[in-house]
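Q: Could you take me on a close look at the sheet and what packs around it? I would enjoy one connected walk through that part.

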Amino acid sequence: MKNVLCFGDSNTFGTPPLASLDEARRYDGKTRWPGVMRKILGHAWHVIEEGLPGRTTIRDDLIEGVHKNGRRYLAACLESHRPLDVIVLMLGTNDLKARFGAPPEDIAAGVDILAGIIAAAPNLDRPPAKLLIACPPPIRVVGCLGSLFAGGVEKSQALPPLYEAVARRHGAEFLDVGTLIEVSPIDGIHYEADAHLALGQVFAERVQALGS
C-alpha cells in the first residue's frame, strides 16, 4: 500500500462555507476532497488527512494559537506518518489574513521553507516522497470572514507563478487550484461541495501519476 499525506488548512480539513463565525461544521469523509481522492485511488493507497483550520505556512498566529504554524508541526508529522510516497501541500490562504501583513513573495517563501523540510525528512527505507505543491485559488473579501482577509484578494491572485517557481526549485509537481475551482461567494475562502468533488478527482489523477 502506498501512502499519500494531505497537509493543508481548513480546505483540506473540509470546512464548508461559513455564514457565521459561530458555525463549526465539517464535510463528511465522502464529500471533502481527500475523501473523494481516497475513493478513486482505492485500496492501493492510504490517504492521510492532515488539514487544520487556520493553518499558515510558517507564521505564528497570536490570536488563534501558535500551533496554527505549519512549520512547527510539519517535521513531526512527516516522521510519524513515514514512509510516505506522495505529499500534497496546499497552504497559504491563511497567510493572507490582514493581521500578518505578508506580501505574496513572503507567503511563497513560507512554502519554500516547508518544501525544504519535506526534502530533508527521513523516509525509512524508501526514496524521498514525491511532492505536489498546490496553490490555493484566489480569495474573495465577502461575508463573515471578509474583514479578516481585507487586502488579500490581489495578493492571492499573485501567488500562482510564485508557487510554481518554488515547485521548480524543489523538483516538485505544481497545481494551480484556481484553474479548477473557485471559492464560495458565501465567505470567499472555503469551497462548495462540488468544488471538493472536482478537486479530489484531479488530485487523485496527479497522485496516481506521481506514485506510478
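A: Happy to. One cut-off first: contact here means heavy atoms within 4.5 Å. Please keep in mind that this is a predicted model.

Let us start with a single residue. Asn3 lies in strand β1, and its relative accessible area is 12%. Since buried means under 20%, Asn3 counts as buried. Leaving aside its neighbours within four places in sequence, Asn3 is in contact with Trp45, His46 and Ile48, with the run of Pro83, Leu84, Asp85 and Val86, and with Arg126.

Now for the sheet itself. Five strands form an open sheet with parallel pairing, in the order β2-β1-β3-β4-β5. The edges are taken by β2 (45–51) and β5 (173–176); each has a single partner strand, so one side of each is left without a neighbour in the sheet. On average, and with direction ignored, neighbouring strands are turned by 15° against each other. Leu132 has Glu173 of β5 as its bridge partner.

Helix α3 (residues 70–81) packs on this sheet, where it touches β1 (2–8), β2 and β3 (86–90). The direction of α3 makes about 170° with that of β1.

Helix α6 (residues 159–169) is another element to look at. Its buried residues are Leu159, Pro160, Tyr163, Ala165, Val166 and Ala167. After α6 comes Gly171, with a positive phi near 65°.

That brings us to the nonpolar interior. In soluble globular proteins, nonpolar side chains tend to be buried together. The largest nonpolar core here has 32 residues, and those with the most contacts inside it are Ile87, Leu89, Leu131, Ile133 and Tyr163. Two or more residues come from each of β1, α3, β3, α4, β4 and α6, and α4 gives the most, with six residues.

Setting aside its neighbours within four places in sequence, Leu89 is in contact with Phe7, with Val111, Leu114 and Ile118, and with Leu131, Leu132, Ile133 and Ala134. There is also a second, separate core of 24 residues, and Met90, Tyr191, Leu199 and Ala204 are among them.

Note on methods
Residues numbered from 1 in each chain as written. Predicted model: local features only at pLDDT ≥ 70, side-chain atom pairs only at ≥ 80, totals over all residues. Heavy atoms only, no water. Pairing = 2+ DSSP bridges. Helix = DSSP H or I, 4+ residues; strand = E, 2+ residues; numbered from the N terminus. Axes fitted to C-alpha atoms, helices over the stretch in contact; angles between N-to-C directions. Buried < 20%, exposed > 50% of the residue type's maximum accessible area, 1.4 Å probe, protein only. Core = buried A, V, L, I, M, F, W, Y, C linked by side-chain atoms within 4.5 Å.
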